[in-house]
Amino acid sequence: MEDGPESKFRFHNVSEYHKLTEHIAQRFDTESTRVNSFAIVIGILTGLVIGLYDRALRYSSIFFGISEELPTHDYTNYGIILVPAVGGLIVGLISHFMIKQHYGVEGLIETVTLRGARIKPLYAFLEVFTSIITIGSGGSLGKEAPGILAGSGIGALVGRLAKSSERQLRILLGCGASGGIAAAFNAPLAGVVFVVEVIYGELETKTFIPIVISSVFATLISSTVFGIKPIQISHYELVNPYQELILYLVLGLLAGIVATVLIRTLYFTKEIFGKMPLHPAFKPAFGGLGVGIIGFFYPEVFGLGYSVITAALENQFALDLLLILLVLKILAFSLTMGSGGSGGSIVPSLFSGAMLGGAFGVAANMLFPGIPAESGAYALVGMAAVFAGTARAPLTAILILFEITRDYNMILPLMFACVLSNVMSNALHPESIFTEELRKKGFKIRKGREIDIMVSMLVKDAMVKHVQTVSEDKNVGTLIALMQASRHAGFPVLDSRGKLAGIVTLSDLRSKVEYGELEKKIGDISSREVEVAYPDETLDVVLKRLAVREIGRLPVVDREDKTKLIGLITRSDVVNSYNKKVVEKVRDTNERQ
């Protein structure tokens, strides 16, 4: 049969076969195909890394003498108090001298939302390495956040090698994060939802498909090659559905309160360590010492605590021990992370939830015998509920527990308690455990986006770095000549050592200098009480400060040394940066459409 005139290819001999292959290549060489291919690579590599990480963590705990696998395992030795401190010292030295940028889940949210999805893989992998030391030496943190960071580091590395665009980098980082949590929990669906719910804050087809692919391959590798199964959970079900739902309602509200306490305790501890007159390299050791003291009396708080969670789920603990471990775990977690230890908050949240739920279940069985299920059922629901409250990710919490148990019988109380915990914790504290740190920096991120353009812009990116200054020893005549030549209405004033001593403006000239006083020193008329800005502040914070003080400029100084001038920012700098950002956003929106 002869080809019609509309046929695109008419092959008369084998030599024209390359036209068909070129056509197929053109049809399949699309952005989505490339991203999905990268997602497979990222998923496989992430699964391998998580498996190796799991093994390394086991060997680290054996090395430090914390592992329960040791035949001579004995926590009554006083030397155990110093083990977390030694681990903290190693971590502190590495973190201070080798890691210039710390990430964690909150850092990942920041970079995906505000920094063009660009992270430095070296620092990410170093942070993962320090988490092996922190947790292996007894630090009370989780391994899932380092897994997320490891996956994101792999995504960033693949994106860099492929010279991906900013939009593609954002997707690839999400692929790595999804694979990291999926492989760690053996929960592929939860990995996908965590990225959508916590990191992206939105669902788009272009991002959803690749993170699903990555999650599937990461879980496949970690479960089949390494056999990772983090927590073995017993199966439970509702005994008296209508009566018990009231109990789960109360548990959900209590979980929201505990989640809030956990968040506030962590950041209160961070503030204490931040103000502590101790070199940053030694702070993790100090926090580790506190964990060691707690662990000497209650070794259940050491490390991940998977075996302790399992014991609570199997109804092995009394009410008093459950309550004690709930309080001490929050304290040990806060000391470890607040002092600078490396690790995650997900497993500590699950641990705290298991203790809360277990205690609630024991009390419910004492008060209402024959009505509630065993306390282990409440421990299971408590795990998900506290995690939902701390991360503000109720759907992820539900799915993690559902995928771990592979049991649909507890889905109703899981959903009920997680939603209530999320509502309660959000009412008590508007930020999650991940976004609280960003709020302190001045960022207000909701649903994976900055809620104001100004919130996404930093002073260091808008300020003038080469600042024209005046010396406090110069006279007013020099100042007037400089103002006339530069047409600037104000200058930072430096002392003889080159340190910031004040600021002088045209207003100071008019109010403090009489006619003919040209020899008067600039230091005598300058304002000594200077409002300043910091390079890591956002422009919305600076703009409010300028408006409240009714001033036009702020010297930008180092947070550690407020006399060290590093720039100057004015109202016009803020406005120009804002206008530039608006233009960029409009252009990006048009490109996506």
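Helix 7 (residues 166-185) and helix 8 pack at an angle of about 135°, and their axes are 8 Å apart; here helices (H or I, at least four residues) and strands (E, at least two) are DSSP runs, numbered from the N terminus, while axes are lines fitted to C-alpha atoms, for helices over the stretch in contact, with angles running from 0 to 180 degrees between N-to-C directions. Angles under 35 degrees count as roughly parallel, over 145 as roughly antiparallel, 65 to 115 as roughly perpendicular and the rest as oblique, and helix 7 and helix 8 are therefore oblique to each other. On the helix 7 side the contact (heavy atoms within 4.5 Å) includes Arg170, Ile171 and Gly174, and on the helix 8 side Phe194 is one of the residues that take part. Sorted by class, the contact of helix 7 with helix 8 has 11 nonpolar, three polar and one charged residues, where Ala, Val, Leu, Ile, Met, Phe, Trp, Tyr, Cys and Pro count as nonpolar, Asp, Glu, Lys and Arg as charged, and the others, Gly among them, as polar.

Before going further, note that this is a predicted model, in which local features need pLDDT of at least 70 and side-chain atom pairs count only at pLDDT 80 or more, while totals for chains, interfaces and linings use all residues. Residues are numbered from 1 along each chain as its sequence is written, and side-chain values use heavy atoms, with hydrogens and water left out.

How many aromatic pairs does the count come to? Rings of Phe, Tyr and Trp (its six-membered ring) pair if their centres lie within 6.5 Å, and planes under 30 degrees apart count as stacked, over 60 as edge-to-face and the rest as tilted; by this rule the count comes to seven aromatic pairs. The rings of Phe194 and Phe434 have centres 6.3 Å apart and planes at 90°, so this pair is edge-to-face. The pair links distant parts of the chain, since Phe194 is in helix 8 (residues 188-200) and Phe434 is in the loop between helix 17 (411-428) and helix 18 (435-440), 240 residues apart. Phe194 and Phe434 are both buried, a word that stands for under 20% relative accessible area, with exposed meaning over 50% and partly exposed in between (1.4 Å probe, protein chains only).

Phe360 and Tyr378 form a tilted pair, 5.8 Å centre to centre with 50° between the planes. Phe360 lies in helix 14 and Tyr378 in helix 15, so the pair ties together parts that are 18 residues apart in sequence, and both residues are buried. These two helices pack at an angle of about 140°, with their axes 6 Å apart, and helix 14 and helix 15 are therefore oblique to each other. Their contact divides into 11 nonpolar, 10 polar and no charged residues.

Helix 14 (346-367) and helix 15 (375-391) are also among the elements that cover the buried residues of helix 12. Helix 12 (residues 306-313) is mostly covered, with seven of its eight residues buried, including Tyr306, Val308 and Leu313. Just after helix 12, Asn315 takes a positive phi of about 65°.

Finally, turn to Leu253, whose place is in helix 10 (residues 241-275). At 29% relative accessibility, Leu253 counts as partly exposed. Leu253 touches Leu420 and Met424, not counting residues up to four places away in sequence, and the C-alpha atoms of Leu253 and Val423 are 8.3 Å apart in space, although the two residues are 170 apart in sequence.
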